[in-house]
Every structure is written in C-alpha cells, then in structure tokens.
Amino acid sequence: MLGKIRPAVHSLIDLIRSETPINVHRLLTTGAGRTFLGFLLLYLLLIQLCRHAFYRDPTSAFFDASRAYDHVYSRQRQQQADDFIKAANSSASQYPHGDPHPTMCLGIATVERSGEQYVRPAFGSLMEGLMEDERKHIFTVVLIGHTDPQQHPIYNETWLENTADKVLTYDTSNATQFDLLVKWEKDKDYRRKAIFDYTYLLETCIHTEAAWIAMIEDDTLAVKGWYTHAMAALDVADSKSTNWLYLRLFFTEQFFGWNSEFWPTYLLSSISILTTVAILLLALRRLRYPTSISNAAILSACFIYTPACILLYFLAGKVSMRPIPTGVHEMPNYGCCAQGMVFSSPVAAKVVDKLKEKESGFVDMILEEWANQEKLTRFAVVPSLLQHIGGHSSKGDDFSSAQPMSVAETIFNFGFELYEQRGERVVHPSTNG
C-alpha cells in the first residue's frame, strides 16, 4: 500500500517546489487562502516532525534505514556480554550451574560463522545479569552443529566449559544417522540439517524434565533480566489459554504495516471520518455559524484537509500509530522468525513429532502451518526480549550489490533498541491483553 502512496507524495512535493505561478495576494487576502496557507505550513511542519519521530518504524514512509538500524541498546548489551565471556575464559573462574531438574532448559544450536562467532555474545547476554538462584533454575545446552565439533572455534574455549551445563555433539554411535549428517553438511542441505538439529536439541531438553524449554538461535542478544520477564510472560500465557503453541521472545515489526487484506477496514474508517467531519461542519453552520461556514469551506475540509490528514496518518506507519502495548499478546501472523521461542515440555514433545514428520523445511514455517491447521494460540512478549544481531546467515549469505544490507541484517526488532531509554528492568510483561 505504501508503495502506491509514496509516488503520489513525491509528486505533491514536486508540485509544491515547482515554479508554477501562484497568486500570493489572493492567498493572503482571502479567508480561504489564509486557511490554506496556514494548513500547508502546519502540514509541512508535521511532515518534518514525522521524519524525526518515525524513522525507526519500518512500516512508515519516513523510515530511514541509515539511522533505524543503529544498535543503541544492543551495543551496550553486547559489551556486557563480551565482558562476561572474557571473565569466564579464565580457568580460575567459578560460575554457578543449573540444577539437574531445572525450571527451564535453554537450548542453543550453533555453527561456525564467517567472521564473528555470534554465539559468544548470545550466550553471554543470556547469562550476564542473572541472579544466582535464577541461574540454578536454568539448564543450558549448547549444540555444536558440526559432525567434527573441532570445526567450531568455540568448542575448546574455556568459557563454554565453565558456563554451559551441557555441550552437545552428534551421536557417532548411530552410524546411519551420522552418515546422513555428514552428507547434509557436504551438500549444504540446510533445511534437513536445521530440522534435525532443532529436534535433537529439543529432545535433549525434554530429557531434563524442565517445565519450559527455550530454543534460542545463536545470533541473538537478550535483554538484561530476560528470565524474569519470560517467566512472568509464561504465567500470563497460561492464564489466557490452555491450547497455545509457543511464547515468542523475538519478532520483527517490518511485517506489521497496513497490510492489504485489511484495506476494506481502512477504507470504511476513512469514509467514516470524512462523513463525521462533513456532518459536524453542517451542524455547526446550521446551529451556530450560518454565514461563516460556506459550502466551499466544507468541500475543502472534506476533500483537501481531512484526506491530507488521513494520508499522513497512514504514511506515519502502523507501528507508530497503533503500537502494540507492553505485555503478552497473541501474535498469529507476521511475527517472524524462530530466533527465540519457549514451549511447555508437553508441547515440545509434539513439536518434535511434527518436525520429524516434515523432515525438511524451516522450523518457523512448519510451526506456523501446524498452528493454523490446529488453531493453536501463539503468544509474544512486547517489547521483544531478544535482538537479532546476525549479519551472516547460517543458511548461506544473501548479500547483493543492489542491497546495502543482507536479509539477515534486516531481521531486526526496532523496539528492542529503546530499552536503554525505558530502563532495563523497568519494562516488564504485564497481565494486560
């Protein structure tokens, strides 16, 4: 929808900037002219304000990618995570571990990346800031997703041994399965191998008998206090539904725009506003200002000023105009992607069966298809508790000369970067719908 609106706006701006002769005297001496000039100045001011206020909204015409992807809070959080990993790399470091029968099992599958190994800050951010009793409630499992685990740079790093409860590698005793894994690695069959890794990690977590299983991708950052937030959110989800699939810890706002399937609603709302304005002006003219409000004024209000305001409302972006309140909400559509999901243990067992049935594909797409078929509720924490920091996809890079950013880099939660402004532990999932 924005794609059709933007050219019209640019044409309007070009018209305003053009040298078309304008009768300035008439504009300044007539009431209608002064009203138009006043509205135009106000409108141009509002456009400038929108550029300043909504540049982080990916659904807005004023979105500015050069500023929007600034890692304001992530930069701070990554430094804290890096400091944690550096400290944990000391052989003399002593860190608490999870109980054998934890409240939550935290699973992270990781593969070697080109360049930076995102798993270090990812794991560090999940551990940094945890209270000792919180850490005891979490059992961490890190899957080294290579048939030769030595291929991953972190495999022999001290911090992993000091902080992870279990470092998981593939079972070499199952020769048939192991040979398949070797083949998938060689063929770069990411869709099959990713499904296997996810189910293997889920099954390992299920065996811990934890009530909750959090599956976190290795290229994310967690907000400080994420565990407290997540546990509170799980209580809310449980109170809202008994038939839910997952609690999403990450989503991207870029698909939350004025989606075309809702255009009848947007059209009816716009018509209702125009009708209301017309009725109010007609009523005012009849009851109070019989000579001051002319037909021309009513027509201008209904066909110039009000439509222009409605247009600006839509251009500002849905995320800005209709933000999702802080709390736990159903998110059946547009959430994307599988960076962080929490399942109850019974549901996790069903997820394993479903993924094994499919064998190949993308985890998030398989889960969404299943949820739609079975009418399973899906929840998300707002604001997001995770940020995606990966610039290189584990499924192959997607850079091109035509795009300044990879697709992986655009999978981003813009609200996450405002945590610094809100206060790290101030934001907490509420019981609000």
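Start by selecting Glu112, which sits in the loop that runs between β1 (104-110) and α6 (119-127). Keep in mind as you go that this is a predicted model. Is Glu112 buried, exposed or partly exposed? Its relative accessibility is 37%, so Glu112 counts as partly exposed.

Now show what surrounds this residue. Leaving aside residues up to four places away in sequence, Glu112 touches Gln117, His146, Gln151, His152 and Pro153. Pick Gln151 from that group: along the chain Glu112 and Gln151 are 39 residues apart, yet 7.2 Å separates their C-alpha atoms.

Next, select helix α12, residues 263-287. If you like, check its length with the distance tool: 25 residues at 1.5 Å a residue should span 36 Å, and the end C-alpha atoms are 36 Å apart, so the two values agree. Then colour Tyr266, Ser270, Ala278 and Leu281, which are buried in α12. What do the buried residues of α12 pack against? Their partners are α13 (295-316) and α14 (318-321).

At least two residues each come from α14, β7 (327-330) and α18 (419-422). To centre your view, select Glu253, Phe256, Val319, Pro323 and Ile324, which lie nearest the centre of this pocket among its 36 lining residues. The volume is about 780 Å³. Colour the lining by class and you will find 19 nonpolar, ten polar and seven charged residues.

Key: Residues numbered from 1 in each chain as written. Predicted model: local features only at pLDDT ≥ 70, side-chain atom pairs only at ≥ 80, totals over all residues. Heavy atoms only, no water. Helix = DSSP H or I, 4+ residues; strand = E, 2+ residues; numbered from the N terminus. Buried < 20%, exposed > 50% of the residue type's maximum accessible area, 1.4 Å probe, protein only. Contact = heavy atoms within 4.5 Å. Expected span 1.5 Å × (residues − 1). 1 Å grid on protein atoms, 1.4 Å probe; cavity = no way out; pocket = protein on both sides within 12 Å on 5 of 7 lines; lining within 4 Å. Points joined across faces, edges and corners; volume = space filled by probe spheres on them. Nonpolar A, V, L, I, M, F, W, Y, C, P; charged D, E, K, R; others polar.
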